[in-house]
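Visitor: I am new to this structure. Please show me how to read its features one at a time.

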Amino acid sequence: MQFDKLKKNVSLAALDYIPSNAIIGFGSGSTIIYFIEALYKSKKKILGAVSSSHYTTIILHKYGIPVFALGAICDPIIYIDSADEINHNLEMIKGGGGALTNEKIISSIAEKFICIVHESKLVKQLGQFPLPIEIIPMAYTYVLKKIVQLGGTPKYREGYVTDHGNIIIDVYNLNLSCPVFIEQKINSIPGVVTVGLFTKNKADMVLIGTKSGIQILK
Ligand code: 5RP
């Protein structure tokens, strides 16, 4: 079965976990676009949205969903997003779409984080997918040096500027057998805005679209 079909299936399944009349935080990427479409077609009414990227905001507006600034929200938020890789401990690599900073902020504020992925995203150990890091441009050379010292091979993401005006490097070959440690290490490098490792901001629940149905991990 095609990955797109699995993304659509898992998006439909996730509707059961979205309460009506709630504020929903939306991640970014193709799976979330499918989810927004499924939500619209289901006619389920939510109070509104908090968006993790400019592009997600455009899609939410297209479907008539009001988007609020994060700071204007007092109600609890349910956050729904996908991932580039997720392990059985529900730790993730995110940021393939470049929205990692806002995704980390919203997921840390949310009362519940529901992650929706298709089966190829579930891995035994994180690290096949290059790890995205958002960086303040003037720190580029310094951060690169530090990442190489950690054993990684950084690659500048050509032609990409984040919603915050920063750059992204994608890091290959990092040993992520202890993702908590690496997240802390990279977070402590001056100039790093966000690393796309989500070990503290883990999902509370993961819905996985597989060829034989929906698998749930908690
Ligand atoms: C964006 C992300 C996305 O969740 C991740 O890249 C998955 O994207 P897709 O749903 O297109 O596979 O972290 O920053």
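The dialogue below takes up a few features in turn.

Guide: Keep in mind that this is a predicted model.

Visitor: How many disulfides does the structure hold?

Guide: A disulfide needs two cysteine sulfur atoms within 2.5 Å of each other. The structure holds 0 disulfides.

Visitor: Is C74 buried or exposed?

Guide: Over 50% relative accessible area counts as exposed. C74 has 76%, so C74 is exposed. C178 has a relative accessibility of 40%, and therefore counts as partly exposed.

Visitor: Next, helix packing. At what angle do the axes of helix 1 and helix 2 cross?

Guide: Helix 1 covers residues 3-14 and helix 2 covers residues 30-42. Their axes come within 8 Å and cross at roughly 50°. That angle is why helix 1 is described as oblique to helix 2. The crossing of the two helices is right-handed.

Visitor: Which residues of helix 1 and helix 2 meet?

Guide: From helix 1, the residues are D4, K7, K8, V10, S11, L12 and A14. From helix 2, they are S30, T31, Y34, F35 and A38. The residues of this contact divide into 6 nonpolar, 3 polar and 3 charged.

Visitor: What is the phi of K43, and where does K43 lie?

Guide: K43, also not a glycine, has a positive phi of about 65°. K43 is placed in the loop between helix 2 and strand 2, residues 48-51. K43 has a relative accessibility of 66%, so K43 counts as exposed.

Visitor: Where is E111 found, and is E111 buried or exposed?

Guide: E111 is in the loop between helix 4 (100-109) and strand 6 (112-118). Its relative accessibility is 55%, so E111 counts as exposed.

Visitor: Which residues does E111 touch, leaving out those up to four places away in sequence?

Guide: With those residues left out, E111 touches P76, I77, I78 and D204. E111 and G127 are 16 residues apart along the chain, and their C-alpha atoms are separated by 27 Å.

Visitor: How far apart are F198 and A83, in sequence and in space?

Guide: F198 and A83 are 115 residues apart in sequence, and 9.6 Å apart in space from C-alpha to C-alpha. F198 belongs to strand 11, residues 197-198.

Visitor: Is F198 buried or exposed, and which residues is F198 in contact with?

Guide: F198 has a relative accessible area of 0%, so F198 is buried. Leaving aside neighbours within four places in sequence, F198 is in contact with L90, E91, M92, K94, L100, E103, K104, S107, F113 and E183. Among these contacts of F198, L100, E103, K104 and S107 are buried residues of helix 4.

Note on methods. Residues are numbered from 1 along each chain as its sequence is written. This is a predicted model: local features need pLDDT of at least 70, side-chain atom pairs count only at pLDDT 80 or more; totals for chains, interfaces and linings use all residues. Side-chain values use heavy atoms; hydrogens and water are left out. Buried means under 20% relative accessible area, exposed over 50%, partly exposed in between (1.4 Å probe, protein chains only). Axes are lines fitted to C-alpha atoms, for helices over the stretch in contact, and angles run from 0 to 180 degrees between N-to-C directions. Helices (H or I, at least four residues) and strands (E, at least two) are DSSP runs, numbered from the N terminus. Angles under 35 degrees count as roughly parallel, over 145 as roughly antiparallel, 65 to 115 as roughly perpendicular and the rest as oblique. A crossing is left-handed if the near helix is turned anticlockwise from the far one by less than a right angle, and right-handed if clockwise. Contact means heavy atoms within 4.5 Å. Ala, Val, Leu, Ile, Met, Phe, Trp, Tyr, Cys and Pro count as nonpolar, Asp, Glu, Lys and Arg as charged, and the others, Gly among them, as polar.
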